[in-house]
Amino acid sequence: MLAVEAIDLVKDFNETRAVDGVSLAVPAGAIFGLLGPNGAGKTTILRMLIGIIDPSSGTRRVLGHDRPLEAAPEIGYLPEERGLYPAMHARDAIAFMGALRGLPIAEGRRRADALLAEHNLGDWARKSIRTLSKGMAQTVQLLGTIIHKPRLIVLDEPFSGLDAINQARLEEMIRREARAGATIIFSTHVIAHAERLCERIAIIAKGKVAFDGLVDEARSRLRPIVRLRTRASDGPWRSAIPANARREGDEYVFELPEGGPEPLLKALIDGGAGIETLAIERPGLHDAFVSIAGAGAAEAMGKEQPQ
Amino acid sequence: MRRFIRSAFVIARRDFSATVLSKTFIFFLLGPLFPLLFGGVFAGIGTNVASQAKRPVVAVVAPKAEFARLSAARDRLADAVGEDPLIELVGFTPERDLAAQQKRLLATRQPPVRAVLSGGLDHPQLVGALASDPGTEGQLRLLIAEARAPQGEDSPELNVTNIAASSGTVARDRALTAQLAQVALFLLTLMLSTMVLSQLIEEKSNKVIEVIAAAIPIDAMFVGKLFAMLAASVLGLVVWISAGALLIQLIKHGGVATLPLPAVGWPAFLALGIIYFGMNYLLFGAAFLMIGAQASTAREVQTMSMPVTFGQVLIFGFASTAVGAPGSVKAIAASVFPLSSPMAMLARGAQDAAIWPHVVAIVWQGLWVALILRFGAQLFRRTVLKSGPRLPWWRFGRA
């Protein structure tokens, strides 16, 4: 069963096309990552999926509703730009977010107290948002996002602005919600988060889906990488190494040839290369991303990466 | 529909408690009371100052008997038209050097003399700075004629029978009630307009709007915000009306009971006043919310509030044409045009006893509140959230 399905979504802002024919299918219970550099259109896709804005063309179906706002009580959404009323108390802010999604306010307050205590913020429950640190306010907003126990949780760049400890906590929370049966969609420009959390990803570049599928599939699009250091600098063994191999220091780095490791090894040994080290590595998501979205996009992501 | 109302209620509850529980709300409540209070005090002082400062003083150089006749004539005139418009007369015994006395009197400051009358009642001569004040001259002419006329002959006694009210006074007083009610309504919405204009600034500047727009329809947010402000201002209204009634009770002899009775009667008129206040507020509020939602900073709201205020003044002017002639074409036009309708209809309530036009008007106004809100929400989604397909302008607001 699909939690979210989007078919051919297009979004124009005046003359610019922010999203250009995006189709996605997110199975229920999955942790789904939208991966791509800033400005690729991730936020616009998410806003269209949950119904803040309507697409210029295309259709989407969320938890069985053609109009996503009808499913609002079952959705939790953390926007990229966090926002709370500064004068509200932390517990009221959480309860308010729940009330917007149809949770009675008294029940919201009760759950808010419990959640805040669980996150060591019990002392802050009756303090106004204004007095909270940025990290605490983020946690409060995150709690408000899940207070009504949504079936679909949409998080826009949830890791940005969090320190390592809170990032790990958030990852744990995402896994816990998924185990409890919720579907989670999040966007990120940090490949590591997607790699650790997701079974499925969509790579977004320039408003289009460059890849959509399992993380392993993305990886298996690439051949394993061979890293080789030899004693001999030249010899007949060199013909076994592909022409496009790179030199990194005194290492050769190249994709494993079609024939697999055995012919390569045989050629190296027979040719007297004198193998010092040889490693055959499974490609990471980063390599897959480079090959899928292009080196330019990967470089753009690398620059934005705060870590 | 139930979810819509519940969503609107969530927004309204947040807004209402954020407004009413803030310290600044005390000032909101006290604000309109200051002018009332000071108005009462200063109006008292003001009229005193005006009556003394404005009346021109004429020095009358004449024998005592002649001055007495002139003064008596002035008193009779005062009986007819009241003290305020009349000149002040001060008597001086003639001296030998009349020219010198005249000169001295014109220069004196205690009292400041506008002109000097001499030559008695038979050969009156007036000297003074009169170019800008033809009234003084005319009044003196009248006073002299009256003083010279023989008294007590040939004028039959006027027989006076007093009744409580005639159609003339009732119509006038009701028109006054109508006008006062309109002015009160106008001032109230004027005060609230800036508040409504800036209603969405908070959400937009601290990005809560994204959380709200993801959870509920924009229409529900608009309705919630509008009714929260309405509730807060009704709270204010109750305080202000009670304070106003108290003030009238204290100042005016006979208290509230002396106010002219409106055509539909007091209970119905007060009920209409509250309903039309609500409608007037909702109509303007919906329009202002729509306009204000387009602004993204407080500065933009401030810039916008000036033309908006002028628009309100214009509509108030339009509605005020309805006073005095409830059945005229202008009055009906003002009652039909949605934004001026509540003010015009309230004036009608003061002057015309029929109830059914009010029922029609309230339904009509409610329809327009809904229309404006709907359009405002569409506009907000389009222009602020940049939602939906691009449509040609003539299909705008239909999607």
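How many residues of chain A are in contact with how many residues of chain B? I counted contacts by C-beta atoms, placed from the backbone, within 7 Å of each other. I found 25 residues of chain A in contact with 22 residues of chain B. On the side of chain A that touches chain B, β1 (2–13) and α2 each supply at least two residues. The most comes from α2(A), with four residues. I sorted that side of chain A into 16 nonpolar, four polar and five charged residues, taking Ala, Val, Leu, Ile, Met, Phe, Trp, Tyr, Cys and Pro as nonpolar, Asp, Glu, Lys and Arg as charged, and the others, Gly among them, as polar.

I noted that this is a predicted model, where local features need pLDDT of at least 70, side-chain atom pairs count only at pLDDT 80 or more, and totals for chains, interfaces and linings use all residues. Residues are numbered from 1 along each chain as its sequence is written, and chains are lettered from A and ligands numbered from 1 in the order in which they are written.

Next I looked up helix α4 of chain A, residues 134–146. Helices here are DSSP runs (H or I, at least four residues), as are strands (E, at least two), numbered from the N terminus. Of the 13 residues of α4(A), 10 are buried, that is, with 20 or more other C-beta atoms within 10 Å of their own. Among them are Leu142(A) and Leu143(A). Their cover includes α2 (90–100) and α5 (164–179) of chain A.

Last, I read the scores: ipTM 0.79 and pTM 0.72.

Notes. Expected span 1.5 Å × (residues − 1). Buried ≥ 20, exposed ≤ 12 C-beta atoms within 10 Å, placed from the backbone. Contact = placed C-beta atoms within 7 Å.
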